[in-house]
Amino acid sequence: GVVYLLLAITTLGITIANWTGSGETAGSEESGDEGSQKATSTLFKAPAGRWLVAILGVAVIGYAGYNFSKQVVQKKFAERLDAGEHSWVVRLGLLGYTAQSLAYAVVGYFFIEAAIAFKSTTAKGPSGALIELADTTWGSILLWVIAIGLFAYGIFYPQDGGFRFEA
């Protein structure tokens with residue numbers, strides 16, 4: 001829960017900085033992408049490395065779709081809660097899981113983009129992907145949706161434990 005709350009705050013900060021024009025975050029090299037770029041670079045060195053990076057991107061997007069289907073469409077998380085379907089806890093969970101799935105899909109997209117460009121520096125981790133999104137019009141809107149959703153998830157997650165059924 002704390003990690004999602006911190007990611008939400010980071011996303012919101014990036015969004016507000018880019019919305020107001022007060023931030024140069026999109027050009028920042030300190031976006032936390034070193035791990036993703038190292039992993040991508042290592043995969044590129046392997047035989048059929050470009051394909052491995054693309055498959056990784058598709059797998060991450062596939063997981064995003066699976067997570068969305070399971071948690072948002074089927075509402076599996078709500079089955080473990082002692083709360084009504086229209087309660088605030090369930091609504092926060094739906095919003096949070098939607099944002100979580102969108103964030104995973106964006107990261108997967110950047111892995112696929114790295115495979116197409118055949119450049120490890122194109123691969124983005126979560127923070128770098130969000131910063132990259134800030135440069136586009138549709139990306140700013142998506143950033144707001146993800147920021148609000150992750151903030152909701154950060155509130156939902158600790159409440160999730162308090163509303164669970166007794167075993």
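**Exercise 1. Identify the aromatic cluster that contains Tyr97, and describe the pair that Tyr97 forms with Tyr153.**

Solution. Phe77, Tyr97, Tyr153 and Phe156 form one aromatic cluster in this predicted model. The pairing rule takes rings of Phe, Tyr and Trp (its six-membered ring) whose centres lie within 6.5 Å, and calls planes under 30 degrees apart stacked, those over 60 edge-to-face and the rest tilted. By this rule the count comes to eight aromatic pairs. One of them, Tyr63 with Tyr66, is tilted, at 6.3 Å centre to centre and 40° between the planes. Tyr63 and Tyr66 are three residues apart in helix α3, so about one helical turn separates them; helices here are DSSP runs of H or I with at least four residues, numbered from the N terminus. Tyr97 and Tyr153, by contrast, form an edge-to-face pair, with 5.1 Å centre to centre and 70° between the planes. Because Tyr97 lies in helix α4 (residues 88–117) and Tyr153 in helix α6 (residues 137–162), this pair ties together parts that are 56 residues apart in sequence.

The model is predicted, so local features need pLDDT of at least 70 and side-chain atom pairs count only at pLDDT 80 or more, whereas totals for chains, interfaces and linings use all residues. Residues are numbered from 1 along each chain as its sequence is written, and side-chain values use heavy atoms, with hydrogens and water left out.

**Exercise 2. Decide whether Tyr97, Tyr153, Tyr63 and Tyr66 are buried or partly exposed.**

Solution. The classes rest on relative accessible area: buried means under 20%, exposed over 50%, and partly exposed in between (1.4 Å probe, protein chains only). Tyr97 and Tyr153 are both buried. Tyr63, at 40% relative accessibility, counts as partly exposed, and Tyr66 is also partly exposed, with a relative accessible area of 47%.

Conventions. Helix = DSSP H or I, 4+ residues; strand = E, 2+ residues; numbered from the N terminus.
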